[in-house]
Each structure stands twice: as C-alpha cells, then as structure tokens.
Amino acid sequence: GFYDFDQSFQAEMTVSKLNFHDIDRSKSVAVQYEGKMDMTLTASGTVPQPQAQAKIVFNSLSYTGKPIEDVVCDISLKNQDMRAIVATFRKKLIVTFDLGLTPDLPYRAELSMRQAAIEQILSVAMEWKDMTGIITGTITSAGSLNRLREASADVKLSELRLDVYGQQLKNSRPIDFVVTEKNFTVNSLEMRGKELGLFAQGFLNFQGDFNLDLDGIIDLRGVAPFLPDSAGISSLAGRAQVICSVHGTFAQPEIDGLLELTDGAVKHRDYPDPVTGLNGKIAFSRQNIEIIRLGGNVSQGSFETSGKIALAGTTLKDFAVELTGNHIAVKNVVDSLAFTVSPRIRVAGSLREQRVTGEIMVNQALYTKELDLKSVIGNKNRNISLVIPGSEKQAKSTLLLDVVVKAPKDIRFKNKFADIEIRANAL
C-alpha cells in the first residue's frame, strides 16, 4: 500500500491459515477450540474520510475435538461510521457492533441468539464441562464509549434450556434482567425441571444495597466452575434447596431463609479425604445462623453437628457448635501415626476466647515408625519447655481445652527390648 503527503492512502493485507492459538500464545482464551484464521483487508481514502473493508474467517474449527461451523467477522468503515458483524453457528449467534468515530464515540451493540448452544458460547471465556443448553434472545447495550459508567445492558431471553449433569431445566416465562453501573435488576427469572428449579426476583445495588428473593433446587456440580481458586475446593456435588430473602447492605445484611443439603460431597485440595453423604439443614435469620442438623461421612467414619452462630452484621459475635463423630480415621497429623477416633465435643466462644469441651474416644491407633525405647528410658534429661523464648506476648485470642482422651482398649508395645501392655484409659 501507500500513504501520500495529502493524507490519502491505500492498503491491502492478506493472512492465510494462521493457527488460532498462535494469536493467543498463553492459550487462555477459548481453550476448548482449535482452528485456523484467514483475513483480508482493503483500505483507502484519506485520514479524515477513511473507507475500509475487512473479513476475518475462523475455519477448520473444532470444539472439544468435534468439528463446528466457521466464525465469520465482517468489518466496514465508511466516513465516520464503523460496523462489525460476527456470525457463527449457522447464524444462530450474531453480534453487531456500531461505532461512530466522533468525539463522543457513540455505540450500539447487540448479541442475537437463536437456539444457540450455550456451552459453546461460554467456552470462549472459560472451560466448560458437563453442562449443555439452548438459548434464544437478545442482549443490547447503547451509549458512549467515553461514558461507559453510564452504559447499561438489557437481557431478554425467550428460551433457555439447560441440561445440568443429565437434569433438564427450562424457563417457564421470558427471562428479563437489566445491568447498569449501579444495579443488577432481575425482573423475571424462573427455571423449572423435574428435580431442579430456580426462581429469582429483585435487585442488587453495586453500591452495597440489595433486595433479592431466591428459591430453588440447585445441583452443586454446576456451582463448582464459578468458585474462586482460593477456595481450594477441587470438587463439589449434591443438591441444595435454597429458600431465602436477602435485604439490607453488604455491611449489614439481613438474610432470612433455609438451606437444605441432600447427598452433598466436597473435596478440598489440602485434605486427603472427601466429605460425602452430606445431609442436613441450615437456617438463616437476621442475627443468627443455626445448624439444625448436618451430618456426613469422612475418613471412613461419620459425623453429625448442630449449633448456633450469632452475628453482628457480617462479624462473628459468638457461637456454640456440637460435634459427634464415629470411627473417623485421622492421618498425617503426626508422622507415622494413624488413629481412629470417635469425638463428642462442644466448641463455643467468641473471637476473643474459644473453649473446647467433651471427650475423644481413641478406637484404634497404629504407630509404624521404629521406636528406640532403650534410648528413651536411658535419657535422664527429658525436660521440655512449653514456652518458646520471646513468645510471652499477649495472644489475640485464647483457646481453652477441657477434653478427655480415652483409650478403652488395651494398648500394647512390643519389640525385642520389651513387651508392655496397658489396661487403662490414657488421659
């Protein structure tokens, strides 16, 4: 091409068979897609009055290994107006963006979906598994790029059908919500299925106020992809029924409702065994969280807990929680020592002071490391300092323990030096 001194120009460019992920070397965008890109560009005119046409085609595309339709993007520039149209999935999804190249930079954007595959749309931004669906509707936004804080988006969906891990869900009425700089308003959201469902109505003010009603039965596997990595949860399963009304502010929330877990399971990356078979109810009120009964299985045993947590806004005021366990295997706490316990404890207190009371029954213990009993008996200097020098500062919180540890079964130690059998409770 060329550029002349009178600000006139002409240019042409062609790109052919560029690998899709060569554009994004980090492979952080559309990670489930593979394909090639072709592009043609022609431009002419003057700097004040430019004209241009461009066409970008993503072809030979595959989504999770399965071939899909091409994505075509047409861009036109004439005088002071620019338009970009992206069409894909046999025109089931069309994005139109109009921009005025004037000082105010006015724009209008519309995303039109006609029975588009929702999992393919979402997978452009995040890795998506085990959920599929069909979506029909529009998302529109208009305003000025110079005043994006005043921009808003209207979402209107006439059809939303989801398959969540084999469970079918579909909207029973049109879905309508509005997003602005200050508010997220749900005018209508109602999804129904044979076993799952969701209803929501109200608003969330980004300045800190909210008034939202929620009612639904949710498959927790669908929640897992949205959890932050800092939560440390590697897998989540089960169902949660939520009936609640949320009012107030972030600083002083008012939550009234009930959460019921059924066949829940959670695995944390820092704990070797998952918690399974979670069943129970948790009630929320303006000043309290009550664990009515929550039980499950962990480390080859079972547990059940109940109690109350008092709140002052979002700050913990005081709490009292009881935990009963049955034959829970404890590993990796002490090197080479594995034991099974049945605790019956109560934890109560506040942020300043906590008290643990009750008893822990040691059902079985096994120490697998070689123990040199002769050197232990022969060592006369066995004084142990319980206070680390320089650590006498006042603690921010105090933990009081009043726990009895019982081992009703015989304890036996046997090797070539001794054969010792203890028939008593170890306290």
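## Overall fold

Contacts between residues 24 or more positions apart make up 41% of the protein's contacts with a separation of 6 or more. The model is predicted. Its secondary structure consists of three helices and 28 strands.

The protein has 427 residues, and 30% of them count as buried. The exposed surface comes to about 27200 Å². Carbon and sulfur atoms supply 56% of that area.

## Aromatic pairs

A pair of aromatic rings is described by the distance of the centres and the angle of the planes. The count here is two aromatic pairs. Phe97 and Tyr107 form a stacked pair, with 6.2 Å between centres and 20° between the planes. Phe97 sits in strand β8 (residues 93–100) and Tyr107 in strand β9 (residues 106–117), so this pair ties together parts ten residues apart in sequence. Phe97 is partly exposed, at 26% relative accessibility. Tyr107 has 10% relative accessibility and is buried.

Phe177 and Phe184 also pair: the ring centres are 5.4 Å apart and the planes stand at 55°, so the pair is tilted. Phe184 counts as partly exposed because its relative accessibility is 28%.

## Salt bridges

The whole structure holds twelve salt bridges. One of them joins Arg147 to Glu150, with the closest N and O atoms 3.4 Å apart. Arg147 is partly exposed, with 39% relative accessible area. Glu150 is exposed, at 59% relative accessibility. Asp104 joins Arg147 and Glu150 in a network of salt bridges.

Arg161 and Glu159 meet through their side chains, at 2.9 Å from N to O. Which of these side chains belongs to a buried residue? Glu159 does, at 17% relative accessibility. Arg161 is partly exposed, at 37%.

Glu322 and Arg346 form another salt bridge, at 3.9 Å from N to O. Glu322 lies in strand β22 and Arg346 in strand β24 (residues 337–349), so the bridge ties together parts 24 residues apart in sequence. Both ends are partly exposed: Glu322 has a relative accessibility of 44%, and Arg346 has a relative accessible area of 37%.

## Around Phe319

Strand β22 (residues 315–326) also holds Phe319. Is Phe319 buried or exposed? Its relative accessible area is 17%, so Phe319 is buried. The cut-off for buried is under 20%.

What does Phe319 touch, beyond residues up to four places away in sequence? The list is Lys308, Ile309, Val347, Ala348, Gly349, Ser350 and Gln354. Ser350 is 31 residues from Phe319 in sequence. In space, their C-alpha atoms are 6.4 Å apart.

## Around Gln167

Gln167 belongs to strand β12 (residues 167–171). Gln167 counts as buried because its relative accessibility is 17%. Setting aside neighbours within four places in sequence, Gln167 contacts Leu162, Glu195, Leu196 and Arg239.

## Cysteines

How many disulfides are there? The count is zero. Cys73 is buried, at 13% relative accessibility. Cys244 is buried too, with a relative accessible area of 14%.

Methods: Residues numbered from 1 in each chain as written. Predicted model: local features only at pLDDT ≥ 70, side-chain atom pairs only at ≥ 80, totals over all residues. Heavy atoms only, no water. Helix = DSSP H or I, 4+ residues; strand = E, 2+ residues; numbered from the N terminus. Buried < 20%, exposed > 50% of the residue type's maximum accessible area, 1.4 Å probe, protein only. Contact = heavy atoms within 4.5 Å. Phe/Tyr/Trp six-rings, centres within 6.5 Å; stacked < 30°, edge-to-face > 60°. Areas by Shrake-Rupley, 256 points an atom, 1.4 Å probe, with all protein chains shown as cover. Disulfide = S-S within 2.5 Å. Salt bridge = Lys/Arg side-chain N within 4 Å of Asp/Glu carboxyl O.
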